[in-house]
Amino acid sequence: MQNKIYELIIIGAGPVGLAATFLANYLKIDCLCLERDSFIGGQVAKLYPHKNIYDYPGFPVIRGDQLISNFSEQLKYYNNPLLLSINIIRYEIKDEIIFIFDDKRNVFKTKYVLFTIGPGAFEIIKLTNEQVDFYALEKILYTFDNNLKFDNKRVLVFGGGDSATDYAMHIKSKFLDSDVTLIHRWEKLKSIANSESDLINKGINVLLNTNLIKIDHHKCLLLNSVTNNNLVKEFDYVLVQFGVRCIGSNIHEWKEFECNNKRFVVNNFYETNIKNFYAAGNCTFSEYKVDMILTGISEATIAINKIFKLLDKKITKY
């Protein structure tokens, strides 16, 4: 057990957790950041390191891995302790001190906790075995590989969200001779960043109301759900962007916290129903919730400023 009592422990080192850790250090709050994975950056680092981010202020465009690298560089100014591979299993409160226990018998003590754990563990939604021929597996991508060359390649992108449309736009912009087709099962794209007309104007083929039936080693069998007609598309690569399936974590299962669909219900200061526990980012619930890095950082900023005032820190620079 560590004898030190931190003023704040931040749990989760995705973009929101890293920004929260920076702000806490900036305000001279004595904090510790704990992360379950062996790396920082959360979903951005694991799933979208080579994806361009267009909605982060101050950067017309920034790649996911570069954004995480910038957060890391920013924290170096404060030499802040950040522990990785910490699997938290339970907590206790005694004399208004919160004890955090992990599965290796480590105990961390703090006055306040800020959850920035997002949806917890997740897995990439993949195609089923019935949909994919064995010989096609090496041509199917679930994360974008920035080292691949798509010159004169036929690329099928499955999905209708921001990731799918962003990757389609990126491939077509970087490899002008590529033949890119975006395939989505619904009649409208879910993407906020790119519309159907944006894709078409870029030279990308768009197939809506189109379902995948089977992929063999060089052809893809599709079915239009409106006309009920089959379509065959040949390809060199298939990029699947169906998103992730949230698994959660030990923390998401703590019954004493008020949750809605495994998200913490918080007030305007992002306090949970348990005293001195706060939450920010994609692990929080509100009626008008917007899941963006920017809004998650805003939530963490409000929570940390509330903690800052409760600690009665004597700092005039902020």
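A salt bridge here is a side-chain nitrogen of Lys or Arg within 4 Å of a carboxyl oxygen of Asp or Glu. Welcome to a predicted model, in which local features need pLDDT of at least 70, side-chain atom pairs count only at pLDDT 80 or more, and totals for chains, interfaces and linings use all residues. Residues are numbered from 1 along each chain as its sequence is written, and side-chain values use heavy atoms, leaving out hydrogens and water.

**Salt bridges**

- The structure holds 14 salt bridges.
- In general, side chains of opposite charge can pair when their charged atoms come close.
- E234 is partly exposed at 41% relative accessibility, and R154 is partly exposed at 29%. (Buried means under 20% relative accessible area, exposed over 50%, and partly exposed in between, with a 1.4 Å probe and protein chains only.)
- K262 and E253 also meet through their side chains, in a salt bridge of 3.1 Å from N to O. K262 is partly exposed, with a relative accessible area of 42%, and E253 is partly exposed too, at 35%.
- Salt bridges that share partners link R154, E234 and D236 into one network.
- K76 and E73 form a salt bridge of 2.8 Å, N to O. These two residues are 3 apart in helix α3 (residues 64–76), so about one helical turn separates them. K76 is exposed at 58% relative accessible area, whereas E73 is partly exposed at 41%.

- An open sheet of 5 strands runs in the order β10-β17-β11-β12-β13, with parallel pairing. Its edge strands are β10 and β13 (205–207), each of which pairs on one side only.
- Strands and helices are DSSP runs numbered from the N terminus (E, at least two residues, for strands; H or I, at least four, for helices). Two strands pair if DSSP finds at least two bridges between them.
- β10 and strand β17 (residues 237–240) run parallel and are joined by 2 bridges. Within this pairing, I140 has V238 in β17 as its bridge partner.
- Helix α4 (residues 162–174) lies across β11 (154–158), β12 (179–183) and β17, at about 170 degrees to β12. Axes are lines fitted to C-alpha atoms, for helices over the stretch in contact, and angles run from 0 to 180 degrees between N-to-C directions. Contact means heavy atoms within 4.5 Å.

**Strand β1 and its neighbours**

- Strand β1 (residues 5–11) is mostly covered, with 6 of its 7 residues buried.
- β1 pairs in the parallel sense with strand β8 (residues 107–115) over 6 bridges, where L8 has Y112 as its bridge partner.
- β1 also pairs in the parallel sense with strand β2 (residues 31–34), over 4 bridges. I10 stands opposite C33 in β2.

**A nonpolar patch on the surface**

- F134, Y135 and L137 make a nonpolar surface patch of about 400 Å².
- Y135 sits in the loop between β9 (121–124) and β10 (140–141), and Y135 is exposed, with a relative accessible area of 59%.
- Patches are made of residues with over 30% relative accessible area and no salt bridge; like charges are joined within 9 Å, and nonpolar side chains (Val, Leu, Ile, Met, Phe, Trp, Tyr) within 5 Å. Accessible areas come from the Shrake-Rupley method with a 1.4 Å probe, and for residues only the protein chains shown count as cover.
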